[in-house]
Amino acid sequence: MGAGAEVEITGPSDFELTQKAAGGDTDAFEQIYRRHYRRVYALSLRMLSDPTMAEDMTQEVFVNLFTKIGSFRGESQFTTWLHRMTVNQVLMYFRKASTRSELTTDEGETPVQIVRGTEDPGRMPVVDRIGLENAIRQLPLGYRTVFVLHDVEGYDHDEIARTLEISQGTSKSQLHKARLKLRGLIRQQSAG
Amino acid sequence: MADCDRSLDLLSDLRDGVLADMDASWVKTHLDGCGDCNGVFLDLEVIVVTARTLASENGLAYPDENGLWERIGIRRSNVH
């Protein structure tokens with residue numbers, strides 16, 4: 001599972017810090033925050049597509065982390081554990097915002113049409129990170145969530161299905177539609 | 001045209017290597033003879049490869065580290 005760029009860690013391990021933080025050592029918790037807040041913010045931003053909401057979400061994740069840090073047993077990498085906690089917290093936000101139906105349905109999107117004879121392999125510009133980020137922000141929520149989890153963060157369909165409580169078939173379908181939609185958006189960007 | 005529709009439905013699975021052998025063989029044969037579908041397939045590959053680079057945390061504008069920590073501290077004191 002992708003968890004972003006690795007940060008060079010010096011000093012105590014994440015697990016050591018979590019143990020101290022669980023015992024009430026707020027300095028240890030602050031070290032954890034400073035090591036990992038970028039990771040949490042980056043993931044939140046990609047899922048929420050809004051810097052202010054991503055900052056709020058980062059705050060919420062670390063508040064939640066503080067209350068639950070004692071439950072981290074070191075059975076997995078701390079970054080993986082924190083990554084999953086962040087994803088779950090964002091999904092909880094989506095559900096509270098009554099957007100769950102957008103996460104679980106294939107409906108409501110016009111199928112991507114490819115008109116035979118109009119395709120030119122050279123027409124989609126060489127997409128850079130900024131162009132792709134812009135296009136991702138324009139995706140419907142359900143598409144964006146599956147695309148970010150699968151193609152950016154490296155989840156497989158089984159993990160996505162369990163996380164979003166959807167079928168693997170729906171996950172695959174949403175991913176494919178998201179990619180085709182992105183292709184169209186990138187072409188539009190270049191045409192504009 | 002029907003072949004193109006079927007091909008387009010299967011391109012992501014082909015790209016991700018999760019297509020059954022028979023279907024994969026059929027799509028590959030179709031792509032060899034269809035520039036339109038092959039163009040879409042290549043574009044999807046570019047999108048997927050570029051997406052993986054987004055997992056990096058470099059190049060983003062992050063919120064103020066100390067300011068955000070202060071906000072967490074305020075919330076934390078509310079919890080306890």
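Author: Let us begin with a term: a residue is buried under 20% relative accessible area, exposed over 50% and partly exposed in between, using a 1.4 Å probe and protein chains only. This is a predicted model, in which local features need pLDDT of at least 70 and side-chain atom pairs count only at pLDDT 80 or more, while totals for chains, interfaces and linings use all residues. Residues are numbered from 1 along each chain as its sequence is written, chains are lettered from A and ligands numbered from 1 in the order in which they are written, and side-chain values use heavy atoms, leaving out hydrogens and water.

A salt bridge here is a side-chain nitrogen of Lys or Arg within 4 Å of a carboxyl oxygen of Asp or Glu, and the structure holds 15 of them over all chains. Take Arg34(A), which is partly exposed because its relative accessibility is 26%. Arg34(A) pairs with Glu65(B), with the closest N and O atoms 2.9 Å apart. Since Arg34(A) sits in helix H2 of chain A and Glu65(B) in helix H4 (residues 65-79) of chain B, this pair joins two chains; helices are DSSP runs of H or I with at least four residues, strands are E runs of at least two, and both are numbered from the N terminus.

Another salt bridge links Glu55(A) to Arg71(B), whose closest N and O atoms are 3.0 Å apart. Glu55(A) belongs to helix H3 (residues 51-68) of chain A and Arg71(B) to helix H4 of chain B, so this pair joins two chains. Glu55(A), at 23% relative accessibility, counts as partly exposed, and Arg71(B), at 26%, counts as partly exposed.
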